[in-house]
Amino acid sequence: MGTLCLARRLAAAGLFLGLAILADPPGVRAGWPQLWGSSKPKVTVVRSEPVRPSGGAAVQPSPVRRAVHESAASKAGVTPAAASAQKSAAPYEEDVVVPGKPRRMELFDPCDDPEDAATPGMTLEALVALGLEQNPRLAKVTFGVEVARGRAYQAGLYPNPTVALMWDELGDKTGRAGVNGLPFVTQEIVMGRKLKLSRAAAEREVEQASWGVMAERYAMLSEIRTAYFDVLALQERVRMLCEIRRYGRDVTKTVRSLRDEAKQLADIDVLPVEAELARYEADVESAQAEKAAAYKRLAALLGVHRLEITKVAGRLEDYSFPDYDAKGTPMYVLSVHPEIQIAQWGVEKARFVVQRAKAEPIPNLSIDTGYVRQNQNNSDDYRIGVSASIPLFNRNQGNIRAAEAELCAAIQEVGRVENDLTNRVATALREFAAARKRAEKYQAVVSKAEQAQTIATEDQRRNLSPLMVLELQRSLRQARLERLKSVGDTWKAAAAISGLAIEDNWPSAPAADARQP
(Lines give C-alpha, C1' and ligand atoms only; values in the text may rest on other atoms or scores of the structure.)
Protein backbone atom coordinates (compact mmCIF):
# COMPACT_ATOMS: atom_id res chain seq x y z
CA MET A 1 0.00 0.00 0.00
CA GLY A 2 2.80 2.40 0.93
CA THR A 3 4.68 1.55 -2.27
CA LEU A 4 1.57 2.18 -4.41
CA CYS A 5 0.99 5.54 -2.70
CA LEU A 6 4.58 6.57 -3.30
CA ALA A 7 4.35 5.56 -6.96
CA ARG A 8 1.22 7.68 -7.43
CA ARG A 9 2.91 10.68 -5.85
CA LEU A 10 5.94 10.29 -8.09
CA ALA A 11 3.74 10.02 -11.16
CA ALA A 12 1.80 13.16 -10.18
CA ALA A 13 5.04 15.02 -9.52
CA GLY A 14 6.40 13.94 -12.91
CA LEU A 15 3.22 15.10 -14.69
CA PHE A 16 3.35 18.46 -12.87
CA LEU A 17 7.05 18.84 -13.68
CA GLY A 18 6.43 18.12 -17.36
CA LEU A 19 3.70 20.78 -17.51
CA ALA A 20 5.97 23.26 -15.78
CA ILE A 21 8.80 22.57 -18.24
CA LEU A 22 6.44 23.16 -21.17
CA ALA A 23 5.47 26.51 -19.65
CA ASP A 24 9.05 27.44 -18.77
CA PRO A 25 11.31 29.30 -21.24
CA PRO A 26 14.56 27.60 -22.31
CA GLY A 27 16.70 30.14 -20.48
CA VAL A 28 15.07 29.33 -17.13
CA ARG A 29 15.09 25.55 -17.75
CA ALA A 30 18.84 25.68 -18.35
CA GLY A 31 19.39 26.84 -14.79
CA TRP A 32 17.17 24.16 -13.18
CA PRO A 33 19.91 21.56 -12.54
CA GLN A 34 21.56 24.03 -10.16
CA LEU A 35 18.35 24.50 -8.16
CA TRP A 36 17.85 20.89 -7.04
CA GLY A 37 20.16 21.04 -4.04
CA SER A 38 17.63 20.97 -1.18
CA SER A 39 14.11 19.99 -0.43
CA LYS A 40 12.81 23.42 0.57
CA PRO A 41 10.08 24.40 -1.92
CA LYS A 42 10.08 27.74 -3.69
CA VAL A 43 7.11 29.02 -5.64
CA THR A 44 7.84 31.00 -8.78
CA VAL A 45 5.20 32.88 -10.74
CA VAL A 46 5.91 32.83 -14.45
CA ARG A 47 4.36 35.78 -16.26
CA SER A 48 4.39 36.20 -19.98
CA GLU A 49 4.54 39.53 -21.71
CA PRO A 50 1.41 40.57 -23.54
CA VAL A 51 1.20 39.01 -26.98
CA ARG A 52 -0.46 41.36 -29.43
CA PRO A 53 -2.02 39.52 -32.38
CA SER A 54 -2.30 41.23 -35.72
CA GLY A 55 -5.28 43.56 -35.74
CA GLY A 56 -6.35 42.76 -32.22
CA ALA A 57 -5.90 43.85 -28.62
CA ALA A 58 -3.21 42.61 -26.36
CA VAL A 59 -3.94 39.22 -24.80
CA GLN A 60 -2.95 38.88 -21.14
CA PRO A 61 -1.93 35.26 -20.44
CA SER A 62 -2.70 33.87 -17.04
CA PRO A 63 0.25 33.30 -14.70
CA VAL A 64 1.47 29.74 -14.30
CA ARG A 65 2.73 28.62 -10.91
CA ARG A 66 5.56 26.11 -10.73
CA ALA A 67 7.52 24.65 -7.85
CA VAL A 68 11.31 24.74 -7.73
CA HIS A 69 13.81 24.16 -4.97
CA GLU A 70 16.42 26.39 -3.39
CA SER A 71 20.03 25.34 -3.88
CA ALA A 72 22.20 24.18 -1.04
CA ALA A 73 24.39 27.24 -1.57
CA SER A 74 21.59 29.51 -0.31
CA LYS A 75 21.50 27.60 3.00
CA ALA A 76 25.24 28.06 3.39
CA GLY A 77 24.90 31.82 3.07
CA VAL A 78 26.13 31.97 -0.58
CA THR A 79 23.89 33.81 -3.00
CA PRO A 80 23.76 32.01 -6.36
CA ALA A 81 23.62 33.87 -9.64
CA ALA A 82 19.98 32.87 -10.13
CA ALA A 83 19.03 34.56 -6.86
CA SER A 84 19.71 38.02 -8.27
CA ALA A 85 16.16 38.17 -9.68
CA GLN A 86 13.90 40.76 -8.15
CA LYS A 87 11.93 39.21 -5.26
CA SER A 88 8.24 39.89 -4.63
CA ALA A 89 6.66 40.56 -1.24
CA ALA A 90 5.53 36.96 -0.80
CA PRO A 91 8.06 34.61 0.84
CA TYR A 92 9.87 32.21 -1.51
CA GLU A 93 8.18 33.75 -4.51
CA GLU A 94 9.63 35.66 -7.46
CA ASP A 95 8.38 36.93 -10.82
CA VAL A 96 9.99 35.68 -14.03
CA VAL A 97 8.95 37.51 -17.18
CA VAL A 98 8.66 35.31 -20.27
CA PRO A 99 9.15 37.51 -23.33
CA GLY A 100 6.63 37.29 -26.12
CA LYS A 101 9.45 37.32 -28.68
CA PRO A 102 13.22 37.10 -28.34
CA ARG A 103 14.97 40.37 -27.62
CA ARG A 104 18.57 41.27 -28.44
CA MET A 105 20.86 41.37 -25.40
CA GLU A 106 22.46 44.75 -24.72
CA LEU A 107 26.20 44.35 -24.31
CA PHE A 108 28.24 46.41 -21.88
CA ASP A 109 30.10 49.23 -23.57
CA PRO A 110 33.34 50.20 -21.83
CA CYS A 111 32.97 53.71 -23.25
CA ASP A 112 29.87 54.19 -21.08
CA ASP A 113 31.51 53.03 -17.85
CA PRO A 114 30.95 55.83 -15.29
CA GLU A 115 33.51 54.36 -12.89
CA ASP A 116 36.37 54.57 -15.40
CA ALA A 117 36.85 58.31 -14.95
CA ALA A 118 36.84 57.97 -11.15
CA THR A 119 39.45 55.19 -11.12
CA PRO A 120 42.81 56.75 -10.20
CA GLY A 121 45.02 54.26 -12.05
CA MET A 122 48.68 53.38 -11.46
CA THR A 123 51.30 56.09 -11.83
CA LEU A 124 54.60 55.65 -13.62
CA GLU A 125 56.47 55.89 -10.32
CA ALA A 126 54.36 53.11 -8.81
CA LEU A 127 54.88 50.91 -11.87
CA VAL A 128 58.65 51.40 -11.79
CA ALA A 129 58.82 50.67 -8.06
CA LEU A 130 56.74 47.52 -8.51
CA GLY A 131 58.93 46.32 -11.38
CA LEU A 132 62.16 46.88 -9.44
CA GLU A 133 60.74 44.93 -6.51
CA GLN A 134 58.93 42.07 -8.21
CA ASN A 135 60.52 41.40 -11.59
CA PRO A 136 62.44 38.09 -11.51
CA ARG A 137 64.75 39.10 -14.35
CA LEU A 138 66.42 41.64 -12.05
CA ALA A 139 66.64 39.13 -9.21
CA LYS A 140 68.18 36.59 -11.57
CA VAL A 141 71.09 38.81 -12.62
CA THR A 142 71.56 39.85 -8.98
CA PHE A 143 72.08 36.22 -8.03
CA GLY A 144 74.48 36.01 -10.95
CA VAL A 145 76.75 38.41 -9.06
CA GLU A 146 76.79 36.03 -6.09
CA VAL A 147 77.61 33.15 -8.43
CA ALA A 148 80.60 35.07 -9.80
CA ARG A 149 81.77 35.96 -6.28
CA GLY A 150 81.63 32.33 -5.22
CA ARG A 151 83.65 31.24 -8.24
CA ALA A 152 86.22 33.98 -7.62
CA TYR A 153 86.63 32.86 -4.03
CA GLN A 154 86.96 29.24 -5.08
CA ALA A 155 89.55 30.06 -7.75
CA GLY A 156 92.08 31.27 -5.17
CA LEU A 157 91.83 28.41 -2.69
CA TYR A 158 94.90 26.29 -2.06
CA PRO A 159 94.77 22.54 -2.85
CA ASN A 160 94.13 20.21 0.07
CA PRO A 161 96.89 17.93 1.44
CA THR A 162 96.73 14.18 1.02
CA VAL A 163 97.14 11.87 4.04
CA ALA A 164 98.08 8.19 3.60
CA LEU A 165 98.44 5.31 6.14
CA MET A 166 100.65 2.40 5.06
CA TRP A 167 101.32 -1.07 6.54
CA ASP A 168 104.08 -2.96 4.72
CA GLU A 169 105.69 -6.37 5.26
CA LEU A 170 103.08 -7.57 7.70
CA GLY A 171 103.84 -11.05 9.13
CA ASP A 172 107.60 -10.82 8.50
CA LYS A 173 109.64 -13.34 10.48
CA THR A 174 111.85 -10.68 11.99
CA GLY A 175 108.90 -8.55 12.98
CA ARG A 176 105.31 -9.61 12.41
CA ALA A 177 104.02 -5.98 12.67
CA GLY A 178 106.07 -5.08 9.57
CA VAL A 179 106.91 -1.56 8.45
CA ASN A 180 104.27 1.10 9.26
CA GLY A 181 104.03 4.56 7.73
CA LEU A 182 101.71 6.48 10.08
CA PRO A 183 101.04 8.87 8.42
CA PHE A 184 102.40 9.99 5.04
CA VAL A 185 101.37 13.58 4.16
CA THR A 186 101.56 14.97 0.59
CA GLN A 187 101.06 18.68 -0.20
CA GLU A 188 101.13 20.34 -3.61
CA ILE A 189 102.89 23.74 -3.69
CA VAL A 190 101.41 25.95 -6.46
CA MET A 191 104.11 27.88 -8.29
CA GLY A 192 104.04 30.73 -10.79
CA ARG A 193 101.30 32.78 -9.04
CA LYS A 194 98.67 30.57 -10.66
CA LEU A 195 96.11 30.98 -7.85
CA LYS A 196 96.42 34.76 -7.81
CA LEU A 197 96.01 34.96 -11.57
CA SER A 198 92.98 32.63 -11.50
CA ARG A 199 91.33 34.68 -8.77
CA ALA A 200 92.12 37.96 -10.56
CA ALA A 201 90.44 36.69 -13.75
CA ALA A 202 87.41 35.50 -11.77
CA GLU A 203 87.15 38.83 -9.96
CA ARG A 204 86.79 40.53 -13.35
CA GLU A 205 83.78 38.31 -13.92
CA VAL A 206 82.32 39.70 -10.69
CA GLU A 207 82.72 43.22 -12.08
CA GLN A 208 81.06 42.17 -15.32
CA ALA A 209 78.14 40.64 -13.44
CA SER A 210 77.74 43.78 -11.31
CA TRP A 211 77.60 46.00 -14.38
CA GLY A 212 75.21 43.46 -15.91
CA VAL A 213 72.78 44.10 -13.06
CA MET A 214 72.89 47.81 -13.84
CA ALA A 215 72.41 47.20 -17.56
CA GLU A 216 69.43 44.93 -16.90
CA ARG A 217 67.93 47.47 -14.49
CA TYR A 218 67.91 50.33 -16.97
CA ALA A 219 66.81 48.10 -19.82
CA MET A 220 63.82 47.08 -17.70
CA LEU A 221 63.12 50.70 -16.75
CA SER A 222 63.16 51.66 -20.42
CA GLU A 223 60.72 48.89 -21.32
CA ILE A 224 58.35 49.80 -18.46
CA ARG A 225 58.42 53.48 -19.44
CA THR A 226 57.80 52.62 -23.09
CA ALA A 227 54.89 50.36 -22.18
CA TYR A 228 53.46 53.02 -19.84
CA PHE A 229 53.36 55.69 -22.54
CA ASP A 230 52.03 53.15 -25.02
CA VAL A 231 49.14 52.37 -22.66
CA LEU A 232 48.64 56.07 -21.97
CA ALA A 233 48.34 56.80 -25.70
CA LEU A 234 45.94 53.87 -26.17
CA GLN A 235 43.74 55.08 -23.31
CA GLU A 236 43.44 58.51 -24.89
CA ARG A 237 42.89 56.94 -28.30
CA VAL A 238 40.03 54.84 -26.95
CA ARG A 239 38.50 57.87 -25.25
CA MET A 240 38.80 59.92 -28.43
CA LEU A 241 37.36 57.14 -30.59
CA CYS A 242 34.43 56.76 -28.19
CA GLU A 243 33.66 60.46 -28.56
CA ILE A 244 33.97 60.16 -32.34
CA ARG A 245 31.63 57.18 -32.39
CA ARG A 246 29.13 59.00 -30.19
CA TYR A 247 29.15 61.90 -32.62
CA GLY A 248 28.85 59.48 -35.56
CA ARG A 249 25.75 57.94 -34.03
CA ASP A 250 24.18 61.37 -33.61
CA VAL A 251 24.98 62.31 -37.22
CA THR A 252 23.64 59.00 -38.49
CA LYS A 253 20.43 59.48 -36.54
CA THR A 254 20.05 62.99 -37.96
CA VAL A 255 20.58 62.02 -41.62
CA ARG A 256 18.23 59.09 -41.24
CA SER A 257 15.62 61.45 -39.89
CA LEU A 258 16.15 63.78 -42.84
CA ARG A 259 15.70 60.86 -45.18
CA ASP A 260 12.76 59.10 -43.54
CA GLU A 261 10.76 62.00 -42.12
CA ALA A 262 11.76 65.23 -43.88
CA LYS A 263 12.42 63.47 -47.21
CA GLN A 264 15.35 65.84 -47.80
CA LEU A 265 17.99 63.17 -48.39
CA ALA A 266 18.17 60.06 -50.47
CA ASP A 267 19.74 56.69 -49.69
CA ILE A 268 22.87 57.69 -51.60
CA ASP A 269 23.37 60.46 -49.02
CA VAL A 270 22.77 58.24 -45.98
CA LEU A 271 24.81 55.17 -46.95
CA PRO A 272 28.22 56.89 -46.70
CA VAL A 273 27.32 58.14 -43.22
CA GLU A 274 26.28 54.65 -42.12
CA ALA A 275 29.48 53.20 -43.58
CA GLU A 276 31.50 55.78 -41.65
CA LEU A 277 29.70 54.83 -38.45
CA ALA A 278 30.49 51.16 -39.03
CA ARG A 279 34.14 52.10 -39.39
CA TYR A 280 33.97 54.01 -36.10
CA GLU A 281 32.51 50.95 -34.39
CA ALA A 282 35.31 48.76 -35.75
CA ASP A 283 37.96 51.28 -34.68
CA VAL A 284 36.60 51.39 -31.12
CA GLU A 285 36.53 47.60 -30.80
CA SER A 286 40.03 47.30 -32.25
CA ALA A 287 41.41 49.96 -29.90
CA GLN A 288 39.76 48.31 -26.89
CA ALA A 289 41.34 44.96 -27.75
CA GLU A 290 44.72 46.60 -28.31
CA LYS A 291 44.48 48.39 -24.96
CA ALA A 292 43.66 45.16 -23.12
CA ALA A 293 46.69 43.48 -24.69
CA ALA A 294 48.88 46.45 -23.75
CA TYR A 295 47.74 46.11 -20.11
CA LYS A 296 48.80 42.45 -20.08
CA ARG A 297 52.14 43.30 -21.67
CA LEU A 298 52.76 45.98 -19.05
CA ALA A 299 51.97 43.50 -16.27
CA ALA A 300 54.41 41.00 -17.78
CA LEU A 301 57.14 43.63 -17.97
CA LEU A 302 56.57 44.37 -14.30
CA GLY A 303 57.18 40.71 -13.55
CA VAL A 304 53.65 40.19 -12.18
CA HIS A 305 51.82 38.65 -15.13
CA ARG A 306 48.70 37.94 -13.03
CA LEU A 307 48.31 41.61 -12.14
CA GLU A 308 45.02 43.02 -13.44
CA ILE A 309 45.76 46.55 -14.70
CA THR A 310 42.65 48.46 -15.72
CA LYS A 311 44.04 51.98 -15.99
CA VAL A 312 47.24 53.98 -15.70
CA ALA A 313 47.26 57.47 -14.28
CA GLY A 314 48.16 60.61 -16.18
CA ARG A 315 47.73 62.07 -19.65
CA LEU A 316 50.23 62.64 -22.41
CA GLU A 317 49.69 66.39 -22.32
CA ASP A 318 50.68 66.52 -18.65
CA TYR A 319 54.31 65.88 -19.60
CA SER A 320 56.80 68.10 -21.42
CA PHE A 321 59.05 66.62 -24.06
CA PRO A 322 62.70 66.21 -22.96
CA ASP A 323 65.48 67.77 -24.99
CA TYR A 324 68.21 65.53 -26.41
CA ASP A 325 71.25 66.75 -28.30
CA ALA A 326 71.83 64.74 -31.46
CA LYS A 327 75.61 65.09 -31.12
CA GLY A 328 76.19 65.09 -27.38
CA THR A 329 73.80 62.28 -26.42
CA PRO A 330 75.66 59.45 -28.25
CA MET A 331 78.99 60.49 -26.69
CA TYR A 332 77.41 60.63 -23.25
CA VAL A 333 75.87 57.18 -23.66
CA LEU A 334 79.24 55.71 -24.66
CA SER A 335 80.80 57.14 -21.50
CA VAL A 336 78.22 55.87 -18.99
CA HIS A 337 76.45 52.84 -20.43
CA PRO A 338 77.02 49.57 -18.49
CA GLU A 339 77.53 47.51 -21.65
CA ILE A 340 80.71 49.46 -22.36
CA GLN A 341 81.93 48.71 -18.85
CA ILE A 342 81.11 45.03 -19.27
CA ALA A 343 83.11 44.86 -22.49
CA GLN A 344 86.08 46.72 -20.98
CA TRP A 345 86.15 44.44 -17.95
CA GLY A 346 86.04 41.54 -20.40
CA VAL A 347 89.32 42.77 -21.87
CA GLU A 348 90.87 42.90 -18.40
CA LYS A 349 89.67 39.39 -17.67
CA ALA A 350 91.08 38.10 -20.96
CA ARG A 351 94.50 39.57 -20.13
CA PHE A 352 94.64 37.72 -16.85
CA VAL A 353 93.53 34.53 -18.59
CA VAL A 354 96.47 34.89 -20.98
CA GLN A 355 98.86 35.34 -18.05
CA ARG A 356 97.34 32.34 -16.32
CA ALA A 357 97.77 30.20 -19.43
CA LYS A 358 101.41 31.22 -19.75
CA ALA A 359 102.02 30.36 -16.09
CA GLU A 360 100.57 26.88 -16.46
CA PRO A 361 103.84 25.24 -17.73
CA ILE A 362 105.63 26.28 -14.53
CA PRO A 363 105.61 22.98 -12.60
CA ASN A 364 104.06 22.73 -9.17
CA LEU A 365 106.04 21.03 -6.42
CA SER A 366 104.68 18.00 -4.60
CA ILE A 367 106.19 17.51 -1.10
CA ASP A 368 105.54 14.34 0.88
CA THR A 369 106.76 13.49 4.36
CA GLY A 370 105.92 10.97 7.05
CA TYR A 371 106.86 8.79 10.02
CA VAL A 372 108.04 5.18 9.49
CA ARG A 373 108.11 2.51 12.19
CA GLN A 374 110.51 -0.37 11.48
CA ASN A 375 109.24 -3.24 13.65
CA GLN A 376 111.91 -5.64 12.40
CA ASN A 377 114.69 -3.74 14.16
CA ASN A 378 112.48 -1.62 16.41
CA SER A 379 113.63 1.71 14.89
CA ASP A 380 111.77 5.00 14.31
CA ASP A 381 112.50 6.57 10.89
CA TYR A 382 111.26 9.58 8.87
CA ARG A 383 110.95 10.26 5.18
CA ILE A 384 110.64 13.40 3.02
CA GLY A 385 110.42 13.74 -0.76
CA VAL A 386 109.94 16.40 -3.45
CA SER A 387 108.57 15.78 -6.93
CA ALA A 388 107.64 17.96 -9.93
CA SER A 389 106.48 17.46 -13.49
CA ILE A 390 108.86 18.35 -16.33
CA PRO A 391 107.21 20.45 -19.11
CA LEU A 392 108.98 18.53 -21.87
CA PHE A 393 106.15 17.91 -24.33
CA ASN A 394 103.11 19.79 -23.02
CA ARG A 395 103.86 23.44 -22.34
CA ASN A 396 100.20 24.52 -22.64
CA GLN A 397 100.83 25.87 -26.14
CA GLY A 398 97.27 25.36 -27.37
CA ASN A 399 95.60 27.02 -24.38
CA ILE A 400 97.97 29.98 -24.62
CA ARG A 401 97.07 30.43 -28.26
CA ALA A 402 93.36 30.21 -27.50
CA ALA A 403 93.65 32.71 -24.62
CA GLU A 404 95.46 35.22 -26.84
CA ALA A 405 92.74 34.87 -29.46
CA GLU A 406 90.10 35.47 -26.78
CA LEU A 407 91.93 38.62 -25.75
CA CYS A 408 91.81 39.91 -29.33
CA ALA A 409 88.11 39.04 -29.50
CA ALA A 410 87.45 40.88 -26.23
CA ILE A 411 89.17 44.01 -27.60
CA GLN A 412 86.99 43.82 -30.71
CA GLU A 413 83.93 43.35 -28.52
CA VAL A 414 84.47 46.83 -27.08
CA GLY A 415 84.30 48.29 -30.58
CA ARG A 416 81.24 46.22 -31.45
CA VAL A 417 79.40 47.40 -28.34
CA GLU A 418 80.29 51.02 -29.09
CA ASN A 419 78.95 50.69 -32.63
CA ASP A 420 75.82 48.92 -31.42
CA LEU A 421 75.08 51.56 -28.79
CA THR A 422 75.70 54.33 -31.30
CA ASN A 423 73.28 52.68 -33.70
CA ARG A 424 70.62 52.26 -31.03
CA VAL A 425 70.97 55.84 -29.81
CA ALA A 426 70.92 57.20 -33.37
CA THR A 427 67.80 55.18 -34.18
CA ALA A 428 66.02 56.34 -31.02
CA LEU A 429 67.03 59.96 -31.64
CA ARG A 430 65.81 59.75 -35.23
CA GLU A 431 62.46 58.34 -34.17
CA PHE A 432 62.20 60.93 -31.39
CA ALA A 433 62.94 63.88 -33.66
CA ALA A 434 60.69 62.63 -36.48
CA ALA A 435 57.74 61.89 -34.19
CA ARG A 436 58.11 65.20 -32.39
CA LYS A 437 58.17 67.07 -35.71
CA ARG A 438 55.07 65.20 -36.86
CA ALA A 439 53.31 66.10 -33.62
CA GLU A 440 54.10 69.79 -34.19
CA LYS A 441 52.90 69.67 -37.79
CA TYR A 442 49.71 67.83 -36.90
CA GLN A 443 49.02 70.41 -34.21
CA ALA A 444 48.93 73.04 -36.97
CA VAL A 445 46.63 70.78 -39.00
CA VAL A 446 44.33 70.34 -36.00
CA SER A 447 44.17 74.12 -35.51
CA LYS A 448 43.17 74.70 -39.13
CA ALA A 449 40.60 71.91 -39.03
CA GLU A 450 39.11 73.36 -35.87
CA GLN A 451 38.89 76.78 -37.53
CA ALA A 452 37.10 75.27 -40.53
CA GLN A 453 34.72 73.45 -38.23
CA THR A 454 33.99 76.62 -36.27
CA ILE A 455 33.29 78.60 -39.46
CA ALA A 456 30.99 75.90 -40.81
CA THR A 457 29.11 75.76 -37.51
CA GLU A 458 28.69 79.49 -37.01
CA ASP A 459 27.99 80.51 -40.62
CA GLN A 460 24.56 79.04 -41.32
CA ARG A 461 24.25 80.94 -44.61
CA ARG A 462 26.60 78.54 -46.34
CA ASN A 463 23.91 75.84 -46.15
CA LEU A 464 26.43 73.01 -46.15
CA SER A 465 25.22 69.51 -46.88
CA PRO A 466 25.49 66.81 -44.21
CA LEU A 467 28.18 65.11 -46.27
CA MET A 468 30.24 68.31 -46.30
CA VAL A 469 29.87 68.65 -42.53
CA LEU A 470 30.83 64.99 -42.16
CA GLU A 471 33.92 65.53 -44.28
CA LEU A 472 35.00 68.46 -42.09
CA GLN A 473 34.52 66.33 -39.00
CA ARG A 474 36.47 63.48 -40.58
CA SER A 475 39.42 65.78 -41.31
CA LEU A 476 39.45 67.10 -37.74
CA ARG A 477 39.15 63.60 -36.31
CA GLN A 478 41.94 62.20 -38.44
CA ALA A 479 44.25 65.08 -37.56
CA ARG A 480 43.66 64.60 -33.83
CA LEU A 481 44.25 60.84 -34.03
CA GLU A 482 47.44 61.26 -36.05
CA ARG A 483 48.73 63.88 -33.63
CA LEU A 484 47.97 61.57 -30.71
CA LYS A 485 49.87 58.74 -32.40
CA SER A 486 52.83 61.03 -33.07
CA VAL A 487 52.92 62.19 -29.44
CA GLY A 488 52.83 58.57 -28.24
CA ASP A 489 55.64 57.60 -30.64
CA THR A 490 57.68 60.55 -29.39
CA TRP A 491 57.40 59.41 -25.79
CA LYS A 492 58.21 55.81 -26.62
CA ALA A 493 61.39 56.89 -28.42
CA ALA A 494 62.25 59.19 -25.50
CA ALA A 495 61.79 56.27 -23.08
CA ALA A 496 64.27 54.22 -25.11
CA ILE A 497 66.78 57.08 -24.96
CA SER A 498 66.30 57.42 -21.20
CA GLY A 499 67.34 53.80 -20.71
CA LEU A 500 70.40 54.19 -22.89
CA ALA A 501 71.42 57.41 -21.12
CA ILE A 502 71.00 55.80 -17.64
CA GLU A 503 68.42 58.33 -16.44
CA ASP A 504 66.77 57.71 -13.08
CA ASN A 505 64.46 60.70 -12.51
CA TRP A 506 62.73 60.52 -15.85
CA PRO A 507 60.56 62.10 -17.09
CA SER A 508 60.29 65.37 -15.23
CA ALA A 509 57.30 65.65 -12.90
CA PRO A 510 54.11 66.50 -14.84
CA ALA A 511 52.89 70.04 -14.42
CA ALA A 512 49.28 71.11 -14.58
CA ASP A 513 50.06 73.88 -17.07
CA ALA A 514 52.39 71.78 -19.22
CA ARG A 515 50.95 71.04 -22.64
CA GLN A 516 52.44 69.48 -25.71
CA PRO A 517 53.10 71.66 -28.72
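Okay, let's start with Ser-486 and what it touches. If we skip its neighbours within four places in sequence, Ser-486 is in contact with Ala-435, Arg-438, Ala-439 and Tyr-442. Keep in mind that this is a predicted model. Ser-486 itself lies in helix α12, residues 466–500. So is it buried or exposed? Its relative accessible area is 3%, and because anything under 20% counts as buried, Ser-486 is buried.

Next, a pair of helices. Helix α9 covers residues 328–336 and helix α11 covers residues 397–458; they pack at an angle of about 140°, and their axes are 10 Å apart. That angle makes α9 oblique to α11, and the crossing is right-handed. Which residues make the contact? From α9 we have Thr-329, Pro-330, Val-333 and Leu-334, and from α11 there's Glu-418, Leu-421, Thr-422, Val-425 and Leu-429. Sort those by class and you get six nonpolar residues, two polar and one charged.

Now over to the strands, with β6 as our reference. Strand β6, residues 365–374, runs antiparallel to strand β5, residues 179–189, and nine bridges join them. For one example, Glu-188 has Ser-366 in β6 as its bridge partner. β6 also pairs with strand β7, residues 379–388, again in the antiparallel sense, over ten bridges. There, Asp-368 has Gly-385 in β7 as its bridge partner.

And how many residues sit between β6 and β7 in their hairpin? Four, and in that turn Asn-378 has a positive phi of about 55°. One thing to remember while you look at the strands: in a regular strand, side chains alternate between the two faces of the sheet.

Terms used: Residues numbered from 1 in each chain as written. Predicted model: local features only at pLDDT ≥ 70, side-chain atom pairs only at ≥ 80, totals over all residues. Heavy atoms only, no water. Axes fitted to C-alpha atoms, helices over the stretch in contact; angles between N-to-C directions. Helix = DSSP H or I, 4+ residues; strand = E, 2+ residues; numbered from the N terminus. Parallel < 35°, antiparallel > 145°, perpendicular 65-115°, else oblique. Left-handed = near helix turned anticlockwise from the far one by under 90°. Contact = heavy atoms within 4.5 Å. Nonpolar A, V, L, I, M, F, W, Y, C, P; charged D, E, K, R; others polar. Buried < 20%, exposed > 50% of the residue type's maximum accessible area, 1.4 Å probe, protein only. Pairing = 2+ DSSP bridges.
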